[in-house]
Amino acid sequence: MATVTSHGAAKVVTGSCHLLAIEHGPRILIDCGMFQGPEEDRNYCAFGFEPSEIDYLLITHAHLDHVGRIPKLVKEGFNGVIYATEATRDIAEIILLDSAKIMKEDFETNYRKAQRKGKEDDVREPLYDEDDVEAAFDLTWEYPEYDNTMIIIQESLKVTYRNAGHILGAAFIEITYKEDSVEQTIVFSGDIGNDKNLVMENLAKCPYANYLYIESTYGDRNHKDLDASIVEFKRVIIDTLRDWGNVLIPSFAVERTQEILIILKEMYERKELPHCKIFLDSPMATRATEVYNNYSDLLSKKCQDYKKRDGTVFDFESLIYTPDVEGSRAINEVDTRAIIIAGSGMCTGGRIIHHFKNRLWNPKNAVIFVGYQAIGTLGRHIVDGARWVKIFNEDILIKASVHTINGFSAHADQEGIIKWISQMEDLYRIYLIHGEEDKQTILRSVIENALDKKAHIVENEEVIYLG
């Protein structure tokens with residue numbers, strides 16, 4: 001009998017990693033993501049399975065919490081075939097190389113501090129380095145397309161990738177396998193998007209599943225209306241620029257940055273945008289934007305129309321890329337009417353910190369948070385109303401206005417999840433993963449009441465028997 005064991009993203013949001021073991025058949029890993037936030041120490045623990053015994057790795061999408069431990073997996077013996085859309089592969093390479101770079105920098109900083117205390121042995125080595133990342137991309141990769149055509153991996157194993165509408169290249173995966181002459185289909189959602197997305201096409205329908213492993217990140221709520229969020233975003237931009245201030249936008253490099261660029265480009269073309277300079281001050285976001293532009297055929301109709309007309313999806317006259325350090329520093333010379341988009345999205349590092357130091361104290365300026373700020377991050381501290389922050393050992397007074405706009409989300413909300421599940425035929429059992437337990441409890445109740453389906457909240461390392 002086939003089994004699924006979740007080695008991550010069980011009662012937590014991050015660390016997605018699920019092992020499907022088919023009796024007398026292959027062992028298939030779906031995602032191998034990094035734990036983030038309070039769970040990050042788990043990245044250094046053993047996987048709970050032998051990496052060398054995994055035959056196939058199927059990747060849903062390239063967010064770090066779905067791909068971040070792949071170099072560790074390879075380092076510890078995985079040598080199988082990796083399946084992912086081609087766009088996912090390109091985004092994953094950017095994200096994993098950046099992850100290796102950050103871990104190296106953090107190690108070097110912590111090691112220097114430990115040397116001064118004589119405690120060098122207490123400093124943990126990076127999980128992996130750039131060579132380990134490159135080793136993962138030297139393996140055999142296969143590239144399914146969103147063509148709704150089954151890929152025959154083995155005689156009794158077929159896989160279909162369908163558009164998840166989440167980030168570029170994201171897919172939910174249908175795995176059809178045969179045991180004792182009985183064919184079963186299990187679907188792993190990865191992260192599924194909502195139907196109001198400025199950049200991506202909408203989530204595809206999943207017509208059929210016997211078993212469903214579904215994300216539950218926002219299973220307890222519905223999102224704020226996107227149109228209202230765009231109106232609020234534009235108002236802050238326009239009011240701040242008209243007052244000769246500057247706008248700081250901490251933004252995630254993949255998807256959120258591209259959404260912000262599309263809004264600003266539209267404002268520019270409609271002449272809603274006061275004269276200003278817009279800086280994309282993030283090497284990682286710049287590289288990701290190039291990849292999005294290269295795969296414009298996977299984007300929304302609006303993005304495809306821009307590409308046909310302009311030869312580029314995102315570029316326009318006011319937009320300036322600053323991939324090098326010198327360009328980033330030069331932004332400091334712009335006193336007024338600058339929009340600065342920089343990482344990291346939760347202000348845990350990156351160039352946004354430097355811009356905060358230089359501009360948070362000015363009441364003419366504004367900070368717009370367009371993504372979730374986790375507890376314990378600098379971004380959350382500011383959102384929660386801090387009057388002061390310490391940046392590079394200097395106390396900075398926050399006089400800039402702070403705005404949190406919550407309507408931008410690449411995840412389906414409760415209503416979207418229920419709608420998507422309701423379209424599936426022959427669905428026997430639903431398993432909730434990739435969410436916090438209190439939110440999963442709410443979603444489970446809604447699924448059982450609205451759909452009359454049984455839903456189970458998966459425990460970490462729990463073995464689920466299918467059939």
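Which residue in E8 does isoleucine 151 stand opposite? The answer is valine 159. This is a predicted model, in which local features need pLDDT of at least 70 and side-chain atom pairs count only at pLDDT 80 or more, while totals for chains, interfaces and linings use all residues. Residues are numbered from 1 along each chain as its sequence is written, and side-chain values use heavy atoms, leaving out hydrogens and water.

Start with the sheet. Strands of a sheet pair through backbone hydrogen bonds, either parallel or antiparallel. Here seven strands form an open sheet, in the order E7-E8-E9-E10-E11-E20-E21, with mixed pairing. Two strands count as paired if DSSP finds at least two bridges between them. Strands (E, at least two residues) and helices (H or I, at least four) are DSSP runs, numbered from the N terminus. The edge strands are E7 (151-154) and E21 (455-457), and each pairs on one side only. From one strand to the next, the twist averages 20°. Axes are lines fitted to C-alpha atoms, for helices over the stretch in contact, and angles run from 0 to 180 degrees between N-to-C directions.

Now follow the pairings. E7 and strand E8 (residues 157-163) run antiparallel, joined by three bridges. E11 and E20 run parallel, with five bridges between them. There, tyrosine 211 has arginine 429 in E20 as its bridge partner. E20 and E21 also run parallel, joined by three bridges. E20 is largely enclosed by the rest of the structure, because four of its five residues are buried. Buried means under 20% relative accessible area, exposed means over 50%, and partly exposed lies in between (1.4 Å probe, protein chains only).

Helix H13 (residues 437-450) lies across E11, E20 and E21, and runs at about 170° to E21. Contact means heavy atoms within 4.5 Å.

On a 1 Å grid over the protein atoms alone, a pocket is an open set of points with protein on both sides within 12 Å along at least five of seven lines, a cavity is a set where a 1.4 Å probe fits but cannot get out, and lining residues have an atom within 4 Å of a point. Points are joined across faces, edges and corners, and a volume is the space filled by probe spheres set on them. The second largest pocket holds about 430 Å³. Its lining has 21 residues, with Asn194, Asp195, Lys196, Asp413 and Gly416 nearest the centre. H12 gives the most to this lining, with four residues. By class, the lining has five nonpolar, seven polar and nine charged residues. Ala, Val, Leu, Ile, Met, Phe, Trp, Tyr, Cys and Pro count as nonpolar, Asp, Glu, Lys and Arg as charged, and the others, Gly among them, as polar.

How many cavities of 30 Å³ or more does the structure hold? It holds one. The largest cavity has a volume of about 50 Å³. Its lining includes Phe188, Ile433 and His434.

Finally, look at a loop. Serine 318 sits between helix H8 (301-310) and strand E14 (319-321). Serine 318 counts as buried because its relative accessibility is 14%. Leaving aside neighbours within four places in sequence, serine 318 contacts Tyr268, Cys276, Lys277 and Ile278.
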